[in-house]
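Here are my comments on the model, point by point. Please keep the structure open while reading.

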Amino acid sequence: MSVVDHNAIELSPRISEADVADYIALLKPRVMSLVIFTALVGLVLAPGHFHPVLAFTSILCIAVGAGASGALNMWYESDIDAKMTRTANRPIPRGRVTRPEALTFGMTLAFFSVMTLGILVNWFAGGLLAFTIFFYVVIYTMALKRWTAQNIVIGGAAGALPPVVAWAAATGSLSIEPLLLFLIIFFWTPPHFWALALFRSDDYARAGVPMLPVVAGPDATRLQILLYTLVLVAVAFAPWPLGYFDAVYGVTSLVLGGVMLALAINVYRRREGSEALRATRKLFAFSILYLFGLFATLLLEVVAHAVAPSIW
Amino acid sequence: MADKQEPNGIVLTEAQKKSRRQRSIAIALALGVLVVLFFAVTIVKGPAVLVRPM
């Protein structure tokens, strides 16, 4: 006699209607575009000749690795994504993709990106990419995010690693320059995400995520934003006087850093009503432009050196 | 001689068929890119690709 009456079970397996766009959304394409850009800068700054096919392969693997991290992040965080306005439209909360599907997708991409980078380029870069995915998914998403208000400070290391992986792909080693790029993104992350968290704090509180404005309050967050911005501006400027990057970068860093600092001071001073909200939104928007501007300047310097070495 | 049987398995809707076809094409393209990538890198690296530490 069977314990289970098979006639009583309605066999209705879920048939997926997820299309390609849903799976692309799992890759967090906007985050991926920033990863591609910063990795590209790490790649072009690296010394020596790197074959374009290998360069393309490296950027592709880093991009796919970032996408895998995004999919695995959405797999693990689907419960809090469903509670937040900003993320409720993601494929899992909308019911387009199931959690096991997202997990399989993310693990497959992670495996192929690391193995392809290791086999075709070098295993040091492949290992660094594996560490980046591990850090983002296990250390940041699983351990830090729901546990401490310092989640994005420590977790920011994962977002700062792509240019380091790209440098490692091109050279097979590490140097001061990629670590400088790492530090710039690392110190950029807290003011950027805390500015977002300030005007989305209700969302984070509802989802139970201990972001700094939820745990320590908006005023303490404003002070932390200002302090981290001071460190960021100094760290981003330092490579010029230290002789690692050129004067054009130094001046750009000084100008963009001045604006960033002024906006952070504005956030610190304006604490009430719509003015406070506007100041926070301005800082958040400019922080993206700030990072893009710094890295674009480095990219243009390398291109200018290559096109007209005598002028530079 | 066996009688002709009606299909009694899962019958996909048109939307499910369409999305499955889309996903299949995407997987095929991704595998195609991977094959081209491995081929191109093998050509770029030349004979050195066979040099492996024991």
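1. Contact here means heavy atoms within 4.5 Å. On that basis, and leaving aside neighbours within four places in sequence, Val41(A) touches Leu181(A), Phe295(A), Leu298(A) and Leu299(A).

2. This is a predicted model. Its scores are ipTM 0.83 and pTM 0.90. For chain B the average pLDDT is 83, and 76% of the residues reach at least 70. Where pLDDT is low, the coordinates should not be read in detail.

3. The largest nonpolar core holds 103 residues. Val41(A) is among those with the most contacts inside it, as are Leu26(A), Ile184(A), Leu283(A), Tyr290(A), Leu294(A) and Phe295(A). Helix 9 of chain A, residues 176–199, gives the most to this core: 13 residues.

4. Helix 7 of chain A spans residues 151–160. Eight of its ten residues are buried, so the rest of the structure largely encloses this helix. The buried set is Asn151(A), Ile152(A), Val153(A), Gly155(A), Gly156(A), Ala157(A), Ala158(A) and Ala160(A). Which helices cover them? The cover includes helix 6 (123–144), helix 8 (162–171), helix 9 and helix 12 (218–237), which belong to chain A.

5. Chain B has one helix and zero strands. Of its 54 residues, 11% are buried. Its accessible surface is about 4900 Å², and carbon and sulfur atoms account for 67% of that.

Key. Residues are numbered from 1 along each chain as its sequence is written. Chains are lettered from A and ligands numbered from 1 in the order in which they are written. This is a predicted model: local features need pLDDT of at least 70, side-chain atom pairs count only at pLDDT 80 or more; totals for chains, interfaces and linings use all residues. Side-chain values use heavy atoms; hydrogens and water are left out. Helices (H or I, at least four residues) and strands (E, at least two) are DSSP runs, numbered from the N terminus. Buried means under 20% relative accessible area, exposed over 50%, partly exposed in between (1.4 Å probe, protein chains only). Accessible areas come from the Shrake-Rupley method with a 1.4 Å probe; for residues, only the protein chains shown count as cover. A nonpolar core is a set of buried Ala, Val, Leu, Ile, Met, Phe, Trp, Tyr and Cys residues joined through side-chain atoms within 4.5 Å. pLDDT is the predictor's confidence in each residue, from 0 to 100.
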